[in-house]
Structure formats: structure tokens, C-alpha cells
Amino acid sequence: MSQLKNVEARILQCLQNNFLARYVSLPNQNKIWTVTVSPELRDRTPLVMVHGFGGGVGLWILNMDSLSARRTLHTFDLLGFGRSSRPAFPRDPEGAEDEFVTSIETWRETMGIPSMILLGHSLGGFLATSYSIKYPERVKHLILVDPWGFPLRPTDPSEIRAPPTWVKAVASVLGRSNPLAVLRVAGPWGPGLVQRFRPDFKRKFADFFEDDTISEYIYHCNAQNPSGETAFKSMMESFGWARRPMLERIHLIRKDVPITMIYGANTWIDTSTGKKVKLQRPDSYVRDMEIEGASHHVYADQPHIFNAVVEEICDSVD
């Protein structure tokens, strides 16, 4: 954990705006690692960003300054990931999902945030949606960035979009074990393995880091007890599919909660989901869009376009 702390400190040094990094203790003794940027800007609805599987607050470094220029931005490591507590989650998909959602709500209460613009990437998008079903009065706008776990798994194999090579490689190495077990087994070679499987991450963050800072960060985020990872595994049918697909439930979000879905034009996630959400919510605001030149990590592939889009959405709230 101390190595993760050190690498993350190097990343957060890049921030220009005021920020506050600390543990937020929940009543059940779990701690959520939280970074708040521009805490002094209290007159607008804060933006809360939820990272994806295997990530953490550090991966938003290309977005934090820009998105906190006019409002407070909160980012946190999901329970079971990054520097947050790593409890044992329920083993069933509904129980695991509920544990994540409850931890987000308890974190919000502890932080004293009355309502927020909620943005989630990938697994974070799935959880932000689940949260919005349960606590719609807390969400002024739901922004889903390449969200995982929405479509129902097609019965016809020809309809399944092929995942990228690295996903297939990881899946074949692992079989039944946790998705990132190979990183923990690799020990000191782990950062090199991240670099080999995902050389694109170094490129994405090259404006800030010429070295392997980001690969090290991803490795150390995932080198510990895989509590959130185990929970994710119980929620998924196979890497690309959820056992409880969100498309079957999205209509349960209150009609007055606006939703924007942002996809990378080159993503491996099914982008037709946005159209399907519109059909499910005919009387609600649903906008879907694709960002050219971006794949699954839209926020890092095209940070300037992404930041401009998100800022525009935030400005529409207040």
C-alpha cells in the first residue's frame, strides 16, 4: 500500500488547483480514499467521478483540473479498489452490487453532499446507474462513460463484438481465477506486465509522465487483496457481460433524472446501448454520443474533448 501511496502522490503533484486527499471513514469502519479538487467552490453542484474496474482516482489526472475550474470535483477509490478498504463482499451478484451502491451512498452522507452530478466510467458507470435507481433524488445528471454491463448477452455468437486482444489474453491466462490474479502472481514483474499488456496507457498519459508512473500505479492498485475484483467477478457472466444487465433495469430510474452516455467511437463496449436506453426512457432526457479517436478509456484517449463535453453537461445543471 505504501508503494501505491508514493506513486499516487507523484500523480497528484500534477494538479494545479487546490485539492484535499484523505480517508473518509464510514460508520461500518470501512474507509474510502477520497480526493476533492477545488473544495472552496461551493456554489455549484459538485461533480462526483467513479472509476472503472481495476482503476483509482489517479487515472482522472488528465481531467481533474479542467473539470474543477468552476465547481468542486470529488473522486474516490471504490470500496475494494485502490487505497480504499478491501472487505469481503457478498458472493451473489445482487449482494455485491448492493454493497458497492450502499458504500457510495454512505460516503455521500458522510461527505455531506446533498446532490451531485454523477459520472461513472465502465464498471463505475454500471454502479452509478444502480445508485441512481436507488437514490434518484441525489443525482442531478447521470453521465455514463463507456458503461460496462448494460447489454443482454446475445444468444447468437455472431452478434458478440470481439473484445480487444489484451482482454482475450488475460481471459485465457486466467480461466477461473480473478481477472487480475496474473498481476499479483507476477510480483516485481507486475508493472512490466501492465506495460506489455497495455502499452497504450503510457501513451495516453505521456503529456504528464514520460516514465512508467501510470503502469506502476495500475499495478499497485491491483497488487493487493482482490476484494473489489472478487465482487466484480461475481457480478459478471464473462468479462464483457453482467449477470444482471442494466438495460433490464434502466427504466427504473426516475423520469426526471437526465442521462448522457459518452462512448469512444473505437470502443469494444456495445455502443448501441445508448439508443436502447432512449427507447426504454421515452419521456426522459437521454443523449448519447461518440467521441472520435477514443476507445474504452475515453477520458484519457481524448481528454480535451471529453472535458469540454462534461463541462457543458455540468453547466447545463447550474
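Predicted model: local features only at pLDDT ≥ 70, side-chain atom pairs only at ≥ 80, totals over all residues.
Strand β1 covers residues 19-25 and strand β2 residues 31-37; the two run antiparallel and are joined by seven bridges. Within this pairing, V24 finds its bridge partner in I32 of β2. The two strands form a hairpin, with five residues lying between them. In the turn, Q29 has a positive phi of about 80°.

The largest nonpolar core holds 47 residues, and the members touching the most other members are W107, L118, L123 and L142. Two or more residues come from each of β3, α3 (93-111), β5 (116-121), α4 (123-134), β6 (139-145), α10 (227-235) and β9 (259-264). Of these, α3 gives the most, with six residues. A second core of 42 residues is separate, and C14, M64, L67 and I218 are among its members. Returning to L118, its contacts beyond four places in sequence are V48, V50, A128, Y131, S132, V139, H141, L142 and I143.

The last stop is H51, found in the loop between β3 (47-50) and α2 (64-67). Is H51 buried or exposed? H51 has a relative accessible area of 2%, which is under the 20% cut-off, so this residue counts as buried. The side chain of H51 reaches the backbone nitrogen of L78 at 2.9 Å. Leaving out residues up to four places away in sequence, H51 touches G56, V57, W60, F76, D77, L78, F81, H121 and G124.

Conventions
Residues numbered from 1 in each chain as written. Heavy atoms only, no water. Helix = DSSP H or I, 4+ residues; strand = E, 2+ residues; numbered from the N terminus. Buried < 20%, exposed > 50% of the residue type's maximum accessible area, 1.4 Å probe, protein only. Polar contact = N/O pair within 3.5 Å; in protein donor to acceptor, adjacent residues only side chain to side chain. Contact = heavy atoms within 4.5 Å. Core = buried A, V, L, I, M, F, W, Y, C linked by side-chain atoms within 4.5 Å. Pairing = 2+ DSSP bridges.
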